[in-house]
Amino acid sequence: MENNNYNGAWQKPLGSGFHAKSTASEVIQGIDLTGKVAIVTGGYTGIGLETTQTLAAAGATVIVPARSMQKAQQNLAGIANVELAEMDLMDHTSIDRFAAEFLASGRPLHLLINNAGIMFVPLRRDNRGFESQLVTNYLAPFQLTARLWPALKKRMAPE
């Protein structure tokens, strides 16, 4: 018999009390994020929108970097504690600019959720020649995390 993880045979429950059908609201229930700052890429659609809504409802200030400001404004309308900022993961200078502005604000960063991603897209390249799926799903989140590392590291230190 072949030894593999097909169908998750090697996966074991963590004992957290949560499962594949647990909602974000169930997971965060009872957690107060007042005074915490989160950045959620792709936070205006899909699971990112759910994440943004849940974190904001728990009291966090959620910053949503967006390539499409109009779509983000439309999808996030009426959600308290949410801020929008321009950033395009396909543009490395945009990531640097977003991170520099955040660091210059002096605000702490408690949560960075690199949620944005793409798949099955037509071939497109960024201005450096890198393929869009590689850029959006790997290179850009790494760059954003690296640029914001000082703020994250500062918040990881014991208070």
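Which strands does helix α2 (residues 46–57) lie across? Helix α2 lies across β1, β2, β3 and β4. The model is predicted: local features need pLDDT of at least 70, side-chain atom pairs count only at pLDDT 80 or more, and totals for chains, interfaces and linings use all residues. Residues are numbered from 1 along each chain as its sequence is written, and side-chain values use heavy atoms, with hydrogens and water left out.

**View 1. The open sheet.** Four strands, paired in parallel, follow the order β3-β2-β1-β4. Strands (E, at least two residues) and helices (H or I, at least four) are DSSP runs numbered from the N terminus; two strands pair if DSSP finds at least two bridges between them. Because β3 (82–86) and β4 (111–114) are edge strands with a single partner each, one side of each has no neighbour in the sheet. The twist from one strand to the next averages 20°.

**View 2. The β1–β2 pairing.** Three bridges join β1 (residues 37–41) to β2 (residues 61–66) in the parallel sense. The bridge partner of V37 in β2 is T61.

**View 3. Helices across the sheet.** Helix α2 runs at about 170° to β1. Helix α5 (residues 132–156) lies across β1 and β4, at about 180° to β4. Axes are lines fitted to C-alpha atoms, for helices over the stretch in contact, and angles run from 0 to 180 degrees between N-to-C directions; contact means heavy atoms within 4.5 Å.

**View 4. L139 in helix α5.** L139 is found in helix α5. L139 is partly exposed, at 32% relative accessible area (buried is under 20%, exposed over 50%, partly exposed in between; 1.4 Å probe, protein chains only).
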